Amino acid sequence: MREKQERQRLKEHYSRQKDWLKWGPYLSERQWGTVREDYSANGDAWNYLPHDHSRSRAYRWGEDGIAGISDRYCNICFGVTLWNGKDPILKERLFGLSGPRGNHGEDVKELYYYLENTPSHSYMKHLYKYPQKEFPYAKLVEENKKRGKHELEYELLDTGIFDNNEYFDVFTEYAKVEGEDLLIKISISNRGPETAPVFLLPTLWIRNLWSYGGIKEKPVIKKGEEAGESYVSIKHRFVGDYHLYFEQPSKLLFTENETNREKVFGDKNDHPYKKDLFHNAVIKNNYSLAEEKETGTKFAPLYELDLRAGETKVIKLRLTKATPSAPFDENFDAVFIKRQKESQEFFDEVTNKSTESQREIQKQAFAGLLWTKQYYNYDVEKWLKGDSKEVLPTKRSHKRNSQWKTLRTHDILSMPDAWEYPWFAAWDSAFHCVTFAMIDPDFAKHQLLLFTKEWFMAPNGQIPAYEWNFSDVNPPVQAWAAIQVYQIEQRTTGKGDLKFLKRIFHKLALNFTWWVNRVDSSNKNIFEGGFLGLDNIGVFDRSNAVPGGGTLEQVDGTSWMALYCLNMLEIALEIAIEDETFEDMAIKYFGHFVFIAEALNKLKEDEPGSWDEQEGFFYDTLILPNGQHIPIKVRSISGLLSLAAVLNIRKTTLDKLPNFRRSMEWFRKYRMENAKYQVIEEYAGDKDVLLSLVPRKRLDILMDTILSEPEFLGEHGIRSLSKMHQNPYTIEIDGKTYGIGYEPAESRTHLFGGNSNWRGPIWLPMNYLFISTFKEYHNYFEDDLKYPFPSGSDNYLNMKEIGFEISERLIAIFEKDKDGNRPVNALHQQKYADEHFKDLILFFEYFDGNNGRGVGASHQTGWTALVANLIEEINRAK
């Protein structure tokens, strides 16, 4: 079979024959309101550089735009700018509410969709829906300000601005001729009933490094000098020379990508050509300044268009190192057709067993994952000091990230959501890589390794969590993700990458040691950890001081570490088959897992454990300074995470590793002789071995709980908090009452900004983890282990079948039901029945535990893209 062209491009890139990934969708969707741009005294990132300043202030650490691209270091940027003739603001970037302004935290208030993207970015397609009436900026701010935590967010569709279809569909497409020759096509369609005007400014600009001492020779964009040609040339010492060709516009606008200090700070400007000049020129209809220049660091050809009802107009551009004699000849459209066909062939191969509707879900999930690859630059030491008069910080009263002076990132990272979370989160990224492995395993491996590099990982082995607090602790899922990536690549290519496993194993061993030394304060193999990515799942903020001055022993912290042990053990076993020197490390992690399992299931006789025998659940335990143990009886996925720590070791593996087998047998014999908890309940020399954090009797109890519809099993997946907490749980600690209740959708608390909620909604990554767990149990028990699904029914299924049933429920969130509605769109079903909306899918951060409605960040095709894996896994098993 002939290798697909897209796979050939990836092969050329990763073998360094051609640089297909120099250009991509690396431009952020939001640079304002980030920690990197915050030089305030009090650490108020949202208000130091708000949206209203973004059009006038040059950024220090990156850039942002709509449907944009850049080179891999964000030196040269391109994005789409629009004006409908009515807005008070030129639409250069997406609008949304800051954390303090939103009634549920930060939230983008726009309609846009990632339609297609290939791993090499040889073809990309983006859709932005732009209202023809004045964009309701003030209405969105004021209405959300009125609403409380118990009310829904007020979204753009709720304003009614799209009710009469008075909007433009703006499709932006890119096709690469070669790695540094990009064709650009912007198609604007009038969906309204009448003729409507729209101004289009395809904007090219250079990131400002010269104001901060980052480049000696100021780059320049210069008007082309050849007669009859519409183009500008770009000269940049870091990336070389380029040309932007474009069709004949109404006007050519030039300015500088520099701060308008008069507007922002009340200072005097050294010249009038500032970042916001295009905004002033278009809104005020005064182009004299912008037109008189023929050079600058920001440029746009202006197209003044009038589109009849139903009409589409196409504008073509070309960003290239080459100097084509006819940049828009018949080959322009031919390349687009060819790249679209190659994209279709590639995704047809990846999704070859999917139905047409499933394929569309997967395609848009992959597109979102690829569109949210972003350039991320943050040199913490330089940021703390300030590096010029432009960004010299006032004396900071806060110490955010001051312990992370070794963190210096200048990389392309997979973001959770390019607007709401335009910064990496360590555990999010690990889940992203599991989906990336389906389409670009080399990128997945690179991302996982990146977090272990010396410019990310702290010298003590800690992996940074996220930019608001690098020292916070995310769950240690990197080893789990590494195994998933390894196995997916092995399954699709026939060969696993042992070199990758070796490289990540060595570095994660450092991180594992950090966890053991820093997060097990009692040295009893019972771990703390803080919020561990689950934001508001506790009755109190687990990242800050624990009430009563005590210590919180966390079931999820301990379960994550047990899983970490098994992941490292599995990696060591896989490598040891080829390299026997890793057998000793396998023995080390096996032993550590045994100790953790014993600690969680039974401590000393005079100390209560985490397991509540009467209620059949693992609970966190608060240990007060006086030695009192107080169980925090919240039934959440924290207590169910103990299920995830399971590993089936094949007999064929044991046969190849006799030293490991002997050590395992010794451990078992010794623990039995000393009446210790057994992680190996059944053992025979001629069978596989199952290592499980949860003993069989407790497994039965927990499976009955997780599959109970009155508790965790919802119509669309496993809930994060038991529905029994519709009657809130309360506890008094040190004279203060704490509580938690079932909140199936938006958060009703202010913990961690209030935009994420783990008190009832369905989260794709945790569901995916549980489904993987059920498969692992099935690998050992097969049909010897079955449970009623749901609990209390006569429908007995094996563990693999249970995983598939839950997968089907999750996938159904994005599929059309018998009435043509997708549960994810529950709030706006009527609009998504429209012919120009019905095939568009958003991948939210989490989903309503009752009805599957999308909640939280609306473009979190980071870990929510895991739905693509679920579809593939179900179809592969058929």
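In this predicted model, Pro464 touches Trp404, Leu407, Phe424, Ala426, Phe456, Met457 and Phe470, residues up to four places away in sequence not being counted. Pro464 lies in the loop between helix H12 (441-450) and helix H13 (478-493). Its relative accessible area is 0%. Pro464 is therefore buried, as the cut-off is under 20%. One of the contacts spans a stretch of sequence: Ala426 is 38 residues from Pro464 along the chain. In space, the C-alpha atoms of Pro464 and Ala426 are 6.7 Å apart.

Several contacts of Pro464, among them Trp404, Phe424, Phe456 and Phe470, also belong to an aromatic cluster.

Aromatic pairs in the structure number 63. In one of them, the ring centres of Phe512 and Tyr564 are 5.2 Å apart and the ring planes stand at 75°. The pair is edge-to-face because this angle is over 60 degrees. Phe512 belongs to helix H14 (residues 498-518), and Tyr564 to helix H15 (residues 555-576). The pair thus links distant parts of the chain, 52 residues apart. Both Phe512 and Tyr564 are buried.

Two arginines lie over aromatic faces. Arg30 is placed over the face of Trp419, at 4.8 Å from the ring centre. Arg696 takes up a position over the face of Phe781, at 5.2 Å from the ring centre.

Backbone geometry was examined next. Most residues other than glycine have a negative phi, and most peptide bonds are trans. His121 has a positive phi, near 60°. This histidine sits in the loop between strand E6 (111-117) and strand E7 (123-131). With a relative accessible area of 0%, His121 is buried. Asp734 also has a positive phi, of about 55°, and is not a glycine. The loop that holds Asp734 runs between strand E29 (729-733) and strand E30 (736-740). Asp734 has a relative accessible area of 68%, so this residue is exposed, the cut-off being over 50%. Hence His121 is buried, whereas Asp734 is exposed.

The peptide bond from Phe789 to Pro790 is cis. Its omega is near -5°. Pro790 occurs in the loop between strand E31 (786-788) and strand E32 (796-798).

Conventions: Residues numbered from 1 in each chain as written. Predicted model: local features only at pLDDT ≥ 70, side-chain atom pairs only at ≥ 80, totals over all residues. Heavy atoms only, no water. Helix = DSSP H or I, 4+ residues; strand = E, 2+ residues; numbered from the N terminus. Buried < 20%, exposed > 50% of the residue type's maximum accessible area, 1.4 Å probe, protein only. Contact = heavy atoms within 4.5 Å. Phe/Tyr/Trp six-rings, centres within 6.5 Å; stacked < 30°, edge-to-face > 60°. Lys NZ or Arg CZ within 6 Å of the ring centre and 35° of its normal.
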